[in-house]
Amino acid sequence: MAPDMSRMKDRVWSSTRSLGNRVSHVGRSGANTFRGLKSGASSIGHSTRGAFASSYKAFFWVALIIHLVDAIWMGFDRPTGGYATVVAMYFILSIWAWFLFEHHGFMRSVGSLVWYVLISLFCVFAPLSRALFPSANPVFLGLSIPEMLHFVLLIIPVWAVYVGTAFNYGAMKPIRFIWFFLIVGLMIYAIFSSSFLVGLPGAEESTAPIGKVADKIAQGLRGFWEGLVGIPGQVITDIKNKTLPDYTAQVDRNAQGQLGVYIENLDTTQKTYYYEQPVDAFATIIARSFEGETAVKNSCTLEANHRIIKGDMRGYERFTLAPGEMRQMVCSFDASLYDENHVNVTRDTTVRVFFQSRFTFETWGYVTYSFIDRNLSLNLRNQKKDIHQLYGLDPYPEAVYTDGPIKLGLVDPHHPLELPYSVYRAQPLLPLFGIKIDNKDRFGRIINITELNFTIPAPLEIDRDRCIPRNTITQHVFADDAHTYSIEKPITYARDQTAIVIQCPLQLDPGDVDEFLGSGGVSINTFAVKARYDYELVRPALPITLEGPRI
Amino acid sequence: MNATLFFAGMCAAILLLPGCGGGEDPVITSYDPYQGSEGVRMDILDNAPPTEVFENDAFNIVVKLHNKGAYDLIPTVERPEELAYFQLAYDSFYFLPLDATVAVPLEAKKYENQDGGFELVEFIMTAKAIEGQREAPTTQLLFTLCYPYHTTFRSDVCIDGDPFGMDVRHKTCDSQTQTFSNQGAPIAVTKVEPRMPTRRNNNRREVAPSFIITLKNLGNGNVLQRSSSPQQDCVGMSGAGHGTWGTATVTARLSDEPLSCIPQKISFMDRNQATTTCKLASQDGFIPLEVLSRPDVLFVDVDYLYVTSETKEIRIRR
C-alpha cells in the first residue's frame, strides 16, 4: 500500500547530482512501504535544490494551507459546512501527490495512489471521531475527549507532516522552524486570550493560607495548560467569529420593560456552610414576552474539585411563565455534598452555585429599506435636491431586534446600504439580504434555532438557490402580500459556536418594478426575521465557603 | 293749468330724484389667474392620519387637493385624462392592502372661482397586528400627487429692425430682455431675451426674431414628461425612462406664426432651470419688416406632468 519511495529518492538523488551537489547518502533499500519511505527519507541529509525540491515545498505549503482552512475556517466541520469542499481539496492533494511522487512508472503505482487516497480519507474522517465521545464530561484538566482530539487534529497537519518527515532535506529545516513558531504563537495567543476561564466553575480557590498558595500555583498551571490546549476552541472561535460577515442592529427599547428570560437575585441562605450542613440557594426567574407563555426547564449545579454536583430543584425543574411573571427557584444540596463521592471537602473550599435554565424564545429583527426609481434619483440629485429631506427617508437602514438573549443583526455596519436604494427599472439589481444570529449572553449559549423565517415584502423575493450557506433556506409560503422563507431543519450550534450568518440575494422581476415602486417612484418596505431557538442560560451565585471537618 | 303742470312736475321729481343720488358706480374689475407659482396643492389634514394608531384599528386619512393654478384639470374630449392622480404608498408590513390611487378633477382658479377648485380625498386604513415582539414600531406614509399641467405665457415683445439704434428715426418699440416671476403654474417663464438679426433683401429690411426663453421649476415637486396618457404616466410610470424625468415640452408662437424651439423638450436637471431658443419656423426665419420696429405678442406653452410628495410618520402601538 505504500508508495515506491526508492524511485522518488532516485529522482531527487539524480536531480541533486546533476546540480553537482554532494550526496552524503542515498537510501536505496527499495522498500515499497511507508516505513521504507520514512527510513529512507530520513537518511537523505543533503540540501535540495531544483525543480523537484520546489515542487515538494509547494506541495508542503498547499497541504498546510488546506489543513489550516479545514481546521480554522471550517472547524473540521463534518459532515455539514463545506464538507464537499474538504473532500475535493484532499482528493486533489492525493492526485497531486501521485503525480508528483510517482511520475515514473505511472501504471505500476496504483498501490501508492491507494495509499495517498487513504491519507486523504484519514484527513476527512478523523474529525468525525470527536463525535464518538461525550463533549460535556471533562476527563483531563477540564477538557473533554473531543476537545483534546480537536487540539491534536489541529497541530498535526497530516499531509504536511507526511511530506515534511518523508523528505529530510535542508530546505525543510526553515519550514519546521516556522511551524514551531506558528504553534508557539497560537499557544501564546490562546493563553492571553483565555479570559473565558474567569468565572467558570473550578476557577475558585480554597481559603486556607497554604492551600491558597498551592491552589494559586495549581490554578496558574491549570490555566496555562488549559490555555495551551484551549487553542482549538479559542482560536477557532475567535477567528471564525471575526471572519464571519458582520451584521448589526439596535435593540428595540420597550416602554414596558425589556423582553427576555432573566435569572436574577441569585443568592444562598448563608455565606459559609459548616461541615455537612445542607446548602440552599435561590434565584428569581422572570420571562417577558409578547408571544405568550415561556416554558422553562431549570437545573442547578455546584462545582468544586473538578466535580459537578447536581442540586435538587425541589419541584422547580419545569414550569411555565406567563408574560411578565416572576418566580423564585430553590436549589438544595444535602449533606452528601461533602463526602468523597461528591466534593470531598477535606478543608475549607470556596464553591459557587450555578442556576441553569433552558427555554425556547423568539427574537424578531426588523429592517426598513427605501427604494427609489434610479432615474428619479438622478433627476433629484441633478437638481441638488436632498432626497432624504424631500421624502423624510433615513440615509441608512436602521435595523432593530427585540430584546432577548441573542442579537439579530440585519445591517452590515462596515458597508451599510445607502438609502433610498436606486432601482433600475429595466434590470433591477438588488442588495444582499443578510442576517447574523449571535449569542449575547456571556454565560448562555444558543443550542439550536428551531424556526427561522424571513418575511420579504412582495414582489421582492429572495433567491433561495443562492443563499449562503446553501440549502439553508428551503421553505417558501406566500401570504398577506409577503413571501415567507424558512428553514426546514433546525440549525444546531456547535458548543464553541456563537454566531451564524445567512446571506441571500434579493431579486425582483423587471415586470414587477412598476408595482413595486408605485407611481411616486419611491417605496418603503420592512423586512422581518423571526428566530425561534432553544437557549441555555447559566448564572452563577456569589461564592460560598464549605468548611472542612473541624475534628 | 299751473296746478296741472305743478302736479306733473312733482310726479316727475318723485320718480327721477332717487336715480340722482346715493347709488354706487359699478366697478368693472379684472382678474388675472396667471399669477402664483403653485399648481395643485396637497394638504394632509391634522390628525388624519393621527400620529399614533393602535394595531388592528382603522383610521382616517384625509387629504385636501386644491388647484391653486390657472390650468383646469377637467377631462375634455381632446384630453380625457386631465385629472389629478393621488396615490398613497405605505409599508405593507404594517397596513392592510388598500386601493390607494384616486383620480380627481380640479377646476383652475378663474374669475368666478378665484380660489380654485378643491377636493377632499379620504381613505380608511387599517393597521395590521404587530408581528413579533416589537412594541411600538414607526412607519411612514408616502403621499404622492401627480398631475398634468400647463403653463401659459403671453407677453408683448418688440420686433426690432434696428436693434443697435443706428437709425435716427423714431422707433415704435425697443427689443429688450424681460423678466417675469410666475404664470399661475409651478413651471414659469422667468426670462425672455430677444435676438434680432437683420439683413437687407432687395432693399427691404428683414429680421429673424428669436428668443432665448428661461424657465424655472418654482414648486418643490418634480417635472415628468407628459405623454398622450397622463394616467399611464402618473399611475404606472412605466414609460418613465431616463429622458422623461425632469423634462417638459415647450411650444411657442409669435402671434399666429409658430416658433421652432430648440430644444423642444427642456430639461430641468440643472438647478431646476431650463433654457430653450425659439425662432420663426418658416423658411430661414427671416420676415420682412416694413417699419423700423413693431410690437408683437409672444405666446409660450409648456406641457408637463408635475409630481409632489409628502411623508408622514405614524407610530403603531399594541
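This report walks through the interface of chain B and chain A, then the aromatic rings.

## Ground rules

This is a predicted model, with local features needing pLDDT of at least 70 and side-chain atom pairs counting only at pLDDT 80 or more, while totals for chains, interfaces and linings use all residues. Residues are numbered from 1 along each chain as its sequence is written, chains are lettered from A and ligands numbered from 1 in the order in which they are written, and side-chain values use heavy atoms, leaving out hydrogens and water.

## Where B meets A

On the chain B side, 38 residues are in contact with 43 residues of chain A (heavy atoms within 4.5 Å). Together the two chains bury about 3400 Å², with 49% of it on carbon and sulfur atoms; buried area is the accessible area (1.4 Å probe) that two parts lose on being put together, summed over both. B:Gln133, B:Arg134 and B:Glu135 supply 22% of the area chain B buries against chain A, more than any other three residues.

## Aromatic rings

Over all chains, the count is 29 aromatic pairs (ring centres of Phe, Tyr and Trp, its six-membered ring, within 6.5 Å; planes under 30 degrees apart are stacked, over 60 edge-to-face, the rest tilted). One edge-to-face pair is B:Phe93 and B:Tyr94, at 5.1 Å centre to centre and 90° between the planes. Both B:Phe93 and B:Tyr94 are buried (under 20% relative accessible area, 1.4 Å probe, protein chains only).

B:Tyr147 and B:Tyr149 have ring centres 5.3 Å apart and planes at 80°, so they're edge-to-face too. B:Tyr147 is buried at 1% relative accessibility, and B:Tyr149 is buried at 0%.

Key. Buried < 20%, exposed > 50% of the residue type's maximum accessible area, 1.4 Å probe, protein only.
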